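Below is a short briefing on one protein chain. Read it with the sequence and the model side by side.

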Amino acid sequence: MDLTQALKSLALDQWYKLLVWIGGLATLGSIFLPVKAFSNSSILPLFAGLFLIGLGEWASHRKEPYERETPHGSTVRGWEMRRFNNIPGNSMSIIGALLVAYGVYSIITA
């Protein structure tokens, strides 16, 4: 396996990949680093939920080829990201949304 190809899939070219990066790094940070403003147990579900939402959306999107006719009579070909609902992706998104809601609730009530 080529390392450069694996790193290209981690590029921040979609919004859900950004959620994976932010959620993953902040989850690790809230596990290992002390937070002064809030307790770590109250912000951990928030960032873990962001991570799961990003993973769920990533699992539900895939790249598909397209071919379209232009008004001038030529044909345009390319790739587009399309959403395809699937059970693992939707499950991770729903669990992530519930964790974010619980994290916001625990921050507000703290």
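Serine 93 counts as buried: its relative accessibility is 13%, under the 20% cut-off. The residue sits in helix α4. Leaving out residues up to four places away in sequence, serine 93 touches Leu52, Ile53, Gly56 and Glu57. The model is a predicted one.

**Helix α4**

- Helix α4 covers residues 87–109.
- Its 23 residues should span 33 Å at 1.5 Å a residue, and the end C-alpha atoms are 33 Å apart, so the two values agree.
- Which residues of α4 are buried? They are Gly89, Ser93, Gly96, Val100, Gly103 and Ser106.
- An α-helix has 3.6 residues a turn, so residues three or four places apart point the same way.
- The buried residues of α4 pack against α3, residues 40–60.
- Leucine 98 also belongs to helix α4, but this residue counts as exposed because its relative accessibility is 59%, over the 50% cut-off.
- Leucine 98 and alanine 11 are 87 residues apart in sequence, and their C-alpha atoms are 27 Å apart in space.

**Helix α3**

- Helix α3 has 21 residues, which should span 30 Å at 1.5 Å a residue. The end C-alpha atoms are 30 Å apart, in agreement.
- The buried residues of α3 include Ser42, Ile43, Pro45, Leu46, Ala48 and Gly49.
- Further along α3, Ile53, Gly54, Gly56, Glu57 and Ser60 are also buried.
- What do the buried residues of α3 pack against? They pack against α2 (15–32), β1 (61–69), β2 (75–83) and α4.
- Among the α3 residues named as buried, Ile53, Gly56 and Glu57 are also contacts of serine 93.

- Helix α2 has 18 residues and should span 26 Å at 1.5 Å a residue. Its end C-alpha atoms are 26 Å apart, which agrees.
- Tyr16, Lys17, Val20, Gly23, Gly24, Ala26, Thr27 and Ser30 are the buried residues of α2.
- The cover over these buried residues of α2 includes α3, β1 and β2.
- Glycine 24 lies in helix α2. Is glycine 24 buried or exposed? Its relative accessible area is 15%, so glycine 24 is buried.
- Beyond its neighbours within four places in sequence, glycine 24 is in contact with Leu19 and Phe51.
- Glycine 24 and glycine 54 are 30 residues apart along the chain, with their C-alpha atoms separated by 9.6 Å.
- Valine 35 is in the loop between α2 and α3. With a relative accessible area of 32%, valine 35 is partly exposed.
- Valine 35 touches Asn40 and Ile43, not counting residues up to four places away in sequence.
- From valine 35 to leucine 98 is 63 residues along the chain, and the C-alpha atoms are separated by 23 Å.

**Strand β1**

- Arginine 68 has its place in strand β1.
- Arginine 68 is partly exposed, with a relative accessible area of 42%.
- Which residues does arginine 68 touch, not counting those up to four places away in sequence? The contacts are Ser74, Thr75, Val76 and Glu80.
- Arginine 68 and glycine 78 are 10 residues apart along the chain, and 9.0 Å separates their C-alpha atoms.

**The chain as a whole**

- The protein chain has 4 helices and 2 strands. Along the sequence, the pattern reads α-α-α-β-β-α.
- The protein chain has a radius of gyration of 18 Å, whereas a compact globule of 110 residues would have one near 13 Å.
- The C-alpha trace spans about 60 × 30 × 25 Å along its principal axes.
- Of the 110 residues in the protein chain, 24% are buried.
- Among contacts with a separation of 6 or more, 56% join residues 24 or more positions apart.
- The protein chain exposes about 7700 Å², and carbon and sulfur atoms supply 67% of that area.
- There are 9 positive and 7 negative side chains in the protein chain. The centres of the two sets lie 7 Å apart.

How values were computed
Residues are numbered from 1 along each chain as its sequence is written. This is a predicted model: local features need pLDDT of at least 70, side-chain atom pairs count only at pLDDT 80 or more; totals for chains, interfaces and linings use all residues. Side-chain values use heavy atoms; hydrogens and water are left out. The radius of gyration is taken over C-alpha atoms; the globule rule is 2.2 Å times the number of residues to the power 0.38. Buried means under 20% relative accessible area, exposed over 50%, partly exposed in between (1.4 Å probe, protein chains only). Contact means heavy atoms within 4.5 Å. Accessible areas come from the Shrake-Rupley method with a 1.4 Å probe; for residues, only the protein chains shown count as cover. Lys and Arg count as positive and Asp and Glu as negative; His and the chain ends are not counted. The place of a charge is taken as NZ of Lys, CZ of Arg, CG of Asp or CD of Glu. The expected span of a helix is 1.5 Å times one less than its number of residues.
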